[in-house]
Amino acid sequence: MTEQRENLYFSLIDQLLRCPNGQEPEVLEAKPELLDAGLIQTMLQVASGFAHNNNPDGAQFLIHVARELSKELGLYPDTSEKE
């Protein structure tokens, strides 16, 4: 991952954290070129930092968004569809 791409991920994460509740899908849809495993990995790293710096709400939010995005991208097993 290049530093430039990582900075784009951080910018998108910042936008997600600042957007009004419920507008996260629109924020993500505006940057389809950034929706990949690298973004999810970066979100989880930021969430870990939040958790260690006494920001459990921010950490929980990012983990939730990362999980939902992972499902959409087919990177996270959907446990609701058990055979």
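Mentor: The largest pocket holds about 220 Å³ of space. A pocket here is an open set of points on a 1 Å grid where a 1.4 Å probe fits, with protein on both sides within 12 Å along at least five of seven lines; the volume is the space filled by probe spheres set on the points. This is a predicted model, in which local features need pLDDT of at least 70 and side-chain atom pairs count only at pLDDT 80 or more, while totals for chains, interfaces and linings use all residues. Residues are numbered from 1 along each chain, and side-chain values use heavy atoms, without hydrogens and water.

Trainee: Which helix gives the most to the lining of the largest pocket?

Mentor: α4 does, with 5 residues. Both α2 (24-29) and α4 (56-72) supply at least two; helices are DSSP runs of H or I, at least four residues long, numbered from the N terminus. Lining residues, which have an atom within 4 Å of a point, include Glu24, Leu28, His64 and Glu72.

Trainee: Turning to α3, which of its residues are buried?

Mentor: They are Gly38, Leu39, Ile40, Thr42, Met43, Val46, Ala47 and Phe50, where buried means under 20% relative accessible area with a 1.4 Å probe, protein chains only. Their cover includes α1 (3-18), α2 and α4.

Trainee: What caps the N-terminal end of α3?

Mentor: Aspartate 36, with a side-chain oxygen 3.1 Å from the backbone nitrogen of glycine 38. Just after α3, asparagine 54 has a positive phi of about 60 degrees.

Methods:
Buried < 20%, exposed > 50% of the residue type's maximum accessible area, 1.4 Å probe, protein only. Contact = heavy atoms within 4.5 Å. Polar contact = N/O pair within 3.5 Å; in protein donor to acceptor, adjacent residues only side chain to side chain.
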